[in-house]
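Take a look at the chain below.

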Amino acid sequence: MNGTPDTTSDGTPDLGTLAAEVERIVTGGEPLDPRRPIGEQAAADSARMVELAIVLEDELGAELPDDADLRTLSVVDLLALLP
């Protein structure tokens, strides 16, 4: 993630920080409703969704299922996948 992310007491990003990172990757900074599926709000191409998956797994330690379709998940759902 860019800079030093705000984190919760256990070291994971808070909802606002994660939402900002997802918005940066998926919409170029346009706001998303963190409780609605990403795909309902943004027409993100496959490359952006792959970039999002890489950030979630490599930088944040999320364990995404192989068949995960990030377009069907909300930012709140993504937050729940973080360790």
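Which residue with a positive phi follows α1? It is G28, with phi near 75°. This is a predicted model, in which local features need pLDDT of at least 70, side-chain atom pairs count only at pLDDT 80 or more, and totals for chains, interfaces and linings use all residues. Residues are numbered from 1 along each chain as its sequence is written, and side-chain values use heavy atoms, with hydrogens and water left out.

G28 sits in the loop between α1 and α2. Its relative accessible area is 59%, so G28 counts as exposed (exposed is over 50%, buried under 20%, partly exposed in between, with a 1.4 Å probe and protein chains only). Set aside neighbours within four places in sequence, and G28 is in contact with E23 and R48 (contact means heavy atoms within 4.5 Å).

Now the whole chain. It has four helices and zero strands, in the order α-α-α-α. Helices are DSSP runs of H or I with at least four residues, strands are runs of E with at least two, and numbering starts from the N terminus. Of the 83 residues, 35% are buried. Take the contacts between residues at least 6 apart in sequence: 49% of them join residues at least 24 apart.

Back to α1. Its 12 residues should span 16 Å at 1.5 Å a residue, and its end C-alpha atoms are 16 Å apart, which agrees. The expected span is 1.5 Å times one less than the number of residues. The buried residues of α1 are T17, L18, A19, E21, V22, E23, I25 and V26. They pack against α2 (38-41), α3 and α4 (75-81).

How does α1 meet α3? Two packed helices are described by the angle between their axes and the distance between the axes. Here α1 (residues 15-26) and α3 (residues 46-59) pack at about 150°, with axes 9 Å apart. Axes are lines fitted to C-alpha atoms over the stretch in contact, and angles run from 0 to 180 degrees between N-to-C directions. The two helices are therefore roughly antiparallel (over 145 degrees). α1 passes α3 in a right-handed crossing, meaning that the near helix is turned clockwise from the far one by less than a right angle.

On the α1 side, the contact uses L18, E21, V22, R24, I25 and V26. On the α3 side, R48, E51, L52, V55 and L56 take part. By class, this contact has seven nonpolar, no polar and four charged residues. Asp, Glu, Lys and Arg count as charged; Ala, Val, Leu, Ile, Met, Phe, Trp, Tyr, Cys and Pro as nonpolar; the others, Gly among them, as polar.

Methods: Angles under 35 degrees count as roughly parallel, over 145 as roughly antiparallel, 65 to 115 as roughly perpendicular and the rest as oblique.
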